[in-house]
Amino acid sequence: MDFLNGKIKPLYLKYLATAFGSALITSIYSIVDMAMVGQYQGPDGTAALAVVAPIWNIIFSLGLLMGIGGSIIFSTLKGKSDRISKNENEYFTTAFIGSVILSLIVWIFIVFFDEEMFIFFGAKAILLELAKTYIIPIKFVLPCFLFTQMLAAFLRNDSNPTLATIGVLAGGVFNIIGDYVFVFVFDMGIFGAGLATAMGSVISCVIMITHFFTKQNSLTLVRTYNIVHKMKRICITGFPTFFIDVAMGILTILFNRQIMKYLGVEALSVYGIIVNVSTFVQCCAYSVGQASQPIISINFGARQGKRIKETLKYALYTVVFFSTFWTILVLMIPNMFVGIFMTPTKEILEIAPAIIRCYGLSFLLLPFNIFSTYYFQALLKPKASFIVSVARGLVISGVLIYLLPILHADFIWFTMPITEMIVAVFSAICMVKFTKRLSVYTSKIF
């Protein structure tokens, strides 16, 4: 694929299709688990997986930290030189080493401190036991989840987005089938859902590794100098994307604790539903960012401002589509999601529509805000990307989670709509400013 001379529209659409496929299946992992467990175990199963949700945010965010951070620099250097050199692969090697270290740290922590962690996430009594049962098979293959995210990012930037998608799709399809077989046919319940998810992740990781045995592979492990400096650059570049995911885990913990304090288990069950739908919407936004980022990064390195602007145009069209689609869906048929994720009680059916509609208003601006972080990263503007991710992921949203329930318990559901609206104003201003500079920038990138 010719990032520097090929037509932008077909190039973007090809990458969007593969990125969307990967994002779709990634979100389906948690969605199918919650749907199957909710149908099998009822609202308690749904609430238990809401407690587990922050773990996925932490693991996937660490994979994105190394993958997105390293691959953006890899692509930018490739655009500058129009060739692969040892220097580019030093960043791949550094990202690989960082992924090994992070996966080992998380692995040890979850294996030995799972109960304490789930209690901190808001689990009590039956929810704690269900969460601990679900995580048992996942403990054995935990690094695969992190490496899948890291490898997928580098494969997209190494002109092989199709294999990244095939890997994620294969693991996801197995997870879907395995969930039904293990949960219902073998009557394993929530343990079966965890087993299917663990096996699906191994399949995805193994398929992606085959890229290194293909002729088009240009990723190699090389002797790396100044590894601390390179790791710092990768972390700075990848931090905004990392924080989007890890912040979602932090917010889930805060929401869990506040909902249990003010509203109870039924409301937490509904939150378990809406947070999974939100994850799905977020993954749609990821697909736009991941489709445009390699094109923008390489052309930024080559100083092709017009091609970046054209890519931005198609990305914003896609963002508008996803925003409109998901907002209309949650406003029109909120109880459809309830029926998908659990066998609801009468109380759940009564409270769910208002909760889903209020929280779902955030979907109108969520895709734009997430895409903006990818755009700013690709233009090597980590400060703006950092502000967007931290403001929406912790600062503004964190304050509102604690402030709004004091005014009225049900006001907690307006936390994310208000947050996204404030952040969108800042994102739009920065996007206009940086885009105007593309035709005149001459400063040295590295």
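## A tour from the cysteines to the ring cluster

Select cysteine 284 and cysteine 283: the sulfur of cysteine 284 has its closest cysteine sulfur in cysteine 283, 7.3 Å away, which is too far for a bond. The cut-off for a disulfide is a sulfur pair within 2.5 Å. By that rule the count is 0 disulfides. Keep in mind throughout that this is a predicted model.

Stay on cysteine 284 for a moment. Its relative accessible area is 3%, so the residue counts as buried. Then select cysteine 235, which is partly exposed because its relative accessibility is 27%.

**Threonine 94**

Next, go to helix H3, which spans residues 86–112, and select threonine 94 within this helix. Is threonine 94 buried or exposed? With a relative accessible area of 0%, threonine 94 is buried. To see what surrounds threonine 94, leave out residues up to four places away in sequence and display Thr224, Ile227, Lys230, Met231 and Ile234, which threonine 94 touches.

**A ring pair across the chain**

Now turn to the aromatic side chains. The whole structure holds 29 aromatic pairs. One of them joins tyrosine 271 and tryptophan 413, with 6.4 Å from centre to centre and 35° between the planes, a tilted arrangement. The two residues are 142 residues apart, and the pair links distant parts of the chain. To find them, look for tyrosine 271 in helix H10 (residues 265–301) and for tryptophan 413 in the loop between helix H15 (382–407) and helix H16 (415–437). Tyrosine 271 and tryptophan 413 are both buried.

**A ring cluster**

For a group of rings, select Phe20, Phe280, Phe321, Phe322, Phe325 and Trp326; ring pairs link these residues into a cluster.

Colour helix H11 (305–332) and helix H12 (334–341), the elements that give two or more residues to the patch. Which element gives the largest share of the patch? That is H11, with 3 residues.

Finish on isoleucine 328, which lies in helix H11.

Definitions and conventions. Residues are numbered from 1 along each chain as its sequence is written. This is a predicted model: local features need pLDDT of at least 70, side-chain atom pairs count only at pLDDT 80 or more; totals for chains, interfaces and linings use all residues. Side-chain values use heavy atoms; hydrogens and water are left out. Buried means under 20% relative accessible area, exposed over 50%, partly exposed in between (1.4 Å probe, protein chains only). Helices (H or I, at least four residues) and strands (E, at least two) are DSSP runs, numbered from the N terminus. Contact means heavy atoms within 4.5 Å. Rings of Phe, Tyr and Trp (its six-membered ring) pair if their centres lie within 6.5 Å; planes under 30 degrees apart count as stacked, over 60 as edge-to-face and the rest as tilted.
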